[in-house]
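Reader: Please take me through the terms used for this model, and set each value against its cut-off.

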Amino acid sequence: MKEHYRIGVDVALDVLDGKWKSSLLCFMGTGPKRPGELQRYLPQMTPKVMNQQLQALITDGLIVRTDYHEKPLHVDYRLTPNGATLRRILIEMSLWGEHQVQTWQTAGHPVDLETFDHSGFDQMSD
(Lines give C-alpha, C1' and ligand atoms only; values in the text may rest on other atoms or scores of the structure.)
Protein backbone atom coordinates (compact mmCIF):
# COMPACT_ATOMS: atom_id res chain seq x y z
CA MET A 1 0.00 0.00 0.00
CA LYS A 2 1.28 3.42 -0.95
CA GLU A 3 0.86 6.65 0.97
CA HIS A 4 -0.66 8.50 -1.99
CA TYR A 5 -2.81 7.47 -4.95
CA ARG A 6 -4.00 9.63 -7.83
CA ILE A 7 -7.40 7.99 -8.38
CA GLY A 8 -9.42 5.12 -6.95
CA VAL A 9 -8.66 2.72 -9.79
CA ASP A 10 -4.98 2.97 -8.83
CA VAL A 11 -5.89 1.69 -5.36
CA ALA A 12 -7.88 -1.22 -6.79
CA LEU A 13 -5.10 -2.20 -9.17
CA ASP A 14 -2.51 -1.93 -6.40
CA VAL A 15 -4.53 -4.21 -4.11
CA LEU A 16 -5.26 -6.76 -6.86
CA ASP A 17 -1.73 -6.60 -8.29
CA GLY A 18 -0.08 -9.99 -8.30
CA LYS A 19 -0.29 -12.96 -10.57
CA TRP A 20 -2.46 -15.04 -8.25
CA LYS A 21 -4.52 -12.71 -6.05
CA SER A 22 -7.61 -12.51 -8.25
CA SER A 23 -7.67 -16.29 -8.75
CA LEU A 24 -7.31 -16.88 -5.01
CA LEU A 25 -10.13 -14.45 -4.26
CA CYS A 26 -12.41 -16.06 -6.82
CA PHE A 27 -11.72 -19.56 -5.53
CA MET A 28 -12.44 -18.45 -1.96
CA GLY A 29 -15.79 -17.12 -3.19
CA THR A 30 -17.20 -20.65 -2.83
CA GLY A 31 -16.26 -20.74 0.85
CA PRO A 32 -13.30 -21.23 3.19
CA LYS A 33 -10.29 -22.99 1.69
CA ARG A 34 -7.42 -24.85 3.28
CA PRO A 35 -3.90 -24.29 1.95
CA GLY A 36 -3.84 -27.70 0.23
CA GLU A 37 -7.04 -26.89 -1.65
CA LEU A 38 -5.57 -23.60 -2.82
CA GLN A 39 -2.40 -25.36 -3.95
CA ARG A 40 -4.41 -27.94 -5.94
CA TYR A 41 -6.46 -25.15 -7.52
CA LEU A 42 -3.32 -23.31 -8.63
CA PRO A 43 -0.61 -25.98 -8.94
CA GLN A 44 1.71 -23.64 -10.84
CA MET A 45 1.98 -21.37 -7.78
CA THR A 46 4.81 -22.26 -5.41
CA PRO A 47 3.98 -22.56 -1.69
CA LYS A 48 6.26 -19.59 -0.95
CA VAL A 49 4.46 -17.36 -3.44
CA MET A 50 1.07 -18.61 -2.21
CA ASN A 51 1.97 -17.61 1.34
CA GLN A 52 3.15 -14.18 0.15
CA GLN A 53 -0.03 -13.57 -1.84
CA LEU A 54 -2.26 -14.77 1.02
CA GLN A 55 -0.42 -12.55 3.49
CA ALA A 56 -0.85 -9.54 1.20
CA LEU A 57 -4.59 -10.24 0.93
CA ILE A 58 -4.80 -10.51 4.74
CA THR A 59 -2.89 -7.24 5.15
CA ASP A 60 -5.28 -5.52 2.73
CA GLY A 61 -8.28 -6.83 4.70
CA LEU A 62 -9.68 -8.97 1.87
CA ILE A 63 -9.28 -12.38 3.50
CA VAL A 64 -8.86 -13.75 7.00
CA ARG A 65 -6.83 -16.75 8.19
CA THR A 66 -8.43 -18.96 10.84
CA ASP A 67 -6.22 -21.26 12.92
CA TYR A 68 -8.24 -24.02 14.60
CA HIS A 69 -5.37 -24.92 16.97
CA GLU A 70 -5.55 -28.61 16.11
CA LYS A 71 -2.92 -31.25 15.47
CA PRO A 72 -2.24 -31.74 12.66
CA LEU A 73 -2.29 -28.06 11.81
CA HIS A 74 -5.70 -26.96 10.53
CA VAL A 75 -6.05 -23.48 9.07
CA ASP A 76 -8.26 -22.02 6.40
CA TYR A 77 -8.67 -18.79 4.52
CA ARG A 78 -11.94 -17.04 3.76
CA LEU A 79 -13.15 -13.77 2.32
CA THR A 80 -13.88 -10.91 4.64
CA PRO A 81 -17.04 -8.90 3.98
CA ASN A 82 -14.77 -6.29 2.37
CA GLY A 83 -13.18 -8.98 0.14
CA ALA A 84 -16.61 -10.16 -0.96
CA THR A 85 -17.40 -6.65 -2.21
CA LEU A 86 -14.97 -7.31 -5.09
CA ARG A 87 -17.50 -9.70 -6.65
CA ARG A 88 -18.85 -7.34 -9.32
CA ILE A 89 -15.38 -6.06 -10.19
CA LEU A 90 -14.00 -9.58 -10.61
CA ILE A 91 -16.95 -10.66 -12.75
CA GLU A 92 -16.60 -7.64 -15.03
CA MET A 93 -12.83 -8.11 -15.30
CA SER A 94 -13.32 -11.79 -16.13
CA LEU A 95 -15.96 -11.09 -18.78
CA TRP A 96 -13.75 -8.42 -20.32
CA GLY A 97 -10.79 -10.81 -20.33
CA GLU A 98 -12.85 -13.58 -21.95
CA HIS A 99 -13.97 -11.18 -24.67
CA GLN A 100 -10.37 -10.06 -25.19
CA VAL A 101 -9.18 -13.65 -25.59
CA GLN A 102 -11.89 -14.25 -28.20
CA THR A 103 -10.83 -11.06 -30.02
CA TRP A 104 -7.21 -12.20 -30.06
CA GLN A 105 -8.19 -15.68 -31.24
CA THR A 106 -10.31 -14.21 -34.05
CA ALA A 107 -7.28 -12.16 -35.09
CA GLY A 108 -5.28 -15.40 -35.31
CA HIS A 109 -3.24 -15.09 -32.13
CA PRO A 110 -2.50 -18.43 -30.41
CA VAL A 111 -3.90 -17.61 -26.98
CA ASP A 112 -5.85 -19.95 -24.73
CA LEU A 113 -8.09 -19.47 -21.72
CA GLU A 114 -8.10 -22.36 -19.26
CA THR A 115 -11.63 -21.89 -17.93
CA PHE A 116 -14.76 -19.82 -18.26
CA ASP A 117 -15.86 -21.03 -14.79
CA HIS A 118 -17.28 -18.19 -12.69
CA SER A 119 -18.54 -20.38 -9.85
CA GLY A 120 -16.27 -18.77 -7.26
CA PHE A 121 -17.19 -15.17 -7.70
CA ASP A 122 -20.73 -15.95 -8.82
CA GLN A 123 -21.31 -17.20 -5.27
CA MET A 124 -19.66 -14.28 -3.48
CA SER A 125 -22.08 -12.08 -1.62
CA ASP A 126 -22.29 -8.39 -2.44
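Author: Apart from residues up to four places away in sequence, H74 touches R34, T66, D67, Y68 and H69, where contact means heavy atoms within 4.5 Å. The model is a predicted one, in which local features need pLDDT of at least 70 and side-chain atom pairs count only at pLDDT 80 or more, while totals for chains, interfaces and linings use all residues. Residues are numbered from 1 along each chain as its sequence is written, and side-chain values use heavy atoms, with hydrogens and water left out.

Reader: Is H74 buried or exposed, and what makes it so?

Author: H74 has a relative accessible area of 18%. Buried means under 20%, exposed over 50% and partly exposed in between, with a 1.4 Å probe and protein chains only. H74 is therefore buried.

Reader: Where does H74 lie?

Author: H74 lies in the loop between β1 (63–67) and β2. Helices (H or I, at least four residues) and strands (E, at least two) are DSSP runs, numbered from the N terminus.

Reader: How do you know whether the peptide bond from K71 to P72 is cis or trans?

Author: Omega is near -5 degrees, and the bond from K71 to P72 is cis. P72 is found in the loop between β1 and β2.

**Salt bridges**

Reader: What makes the pairing of D76 with R78 a salt bridge?

Author: The closest N and O atoms of D76 and R78 are 3.1 Å apart. A salt bridge is a side-chain nitrogen of Lys or Arg within 4 Å of a carboxyl oxygen of Asp or Glu, so the pair qualifies. D76, at 7% relative accessibility, counts as buried, whereas R78, at 28%, counts as partly exposed.

Reader: How many salt bridges does a search of the whole structure find?

Author: The search finds two. One of them joins the side chains of D10 and R6, with an N to O distance of 3.3 Å. R6 has 69% relative accessibility and therefore counts as exposed.

Reader: Why is α2 called mostly covered?

Author: Six of the eight residues of α2 are buried. They are K21, L24, L25, C26, F27 and M28.

Reader: Which residues touch the most other members of the largest nonpolar core?

Author: They are L24, L25, M28, L38, L54, I63 and Y77, in a core of 22 residues. The elements giving two or more residues to this core are α1 (8–16), α2 (21–28), α4 (47–59) and β2 (75–79). The largest share, five residues, comes from α2. A nonpolar core is a set of buried Ala, Val, Leu, Ile, Met, Phe, Trp, Tyr and Cys residues joined through side-chain atoms within 4.5 Å.

Reader: Why are α2 and α4 described as roughly perpendicular to each other?

Author: Their axes come within 10 Å and cross at roughly 70 degrees. Axes are lines fitted to C-alpha atoms, for helices over the stretch in contact, and angles run from 0 to 180 degrees between N-to-C directions. Angles under 35 degrees count as roughly parallel, over 145 as roughly antiparallel, 65 to 115 as roughly perpendicular and the rest as oblique. The two helices are therefore roughly perpendicular.

Reader: Which residues of α2 and α4 meet?

Author: K21, L24, L25 and M28 in α2 meet Q53, L54, A56 and L57 in α4. These residues divide into six nonpolar, one polar and one charged. Here Ala, Val, Leu, Ile, Met, Phe, Trp, Tyr, Cys and Pro count as nonpolar, Asp, Glu, Lys and Arg as charged, and the others, Gly among them, as polar.

**I58 and the whole chain**

Reader: What is the accessibility class of I58, and how do you know?

Author: I58 is in helix α4. Its relative accessible area is 26%, so I58 is partly exposed. Beyond its neighbours within four places in sequence, I58 is in contact with I63, R65 and Y77.

Reader: How many helices and strands does the chain have?

Author: There are seven helices and two strands, in the pattern α-α-α-α-β-β-α-α-α along the sequence. Buried residues make up 33% of the 126 residues in the chain.
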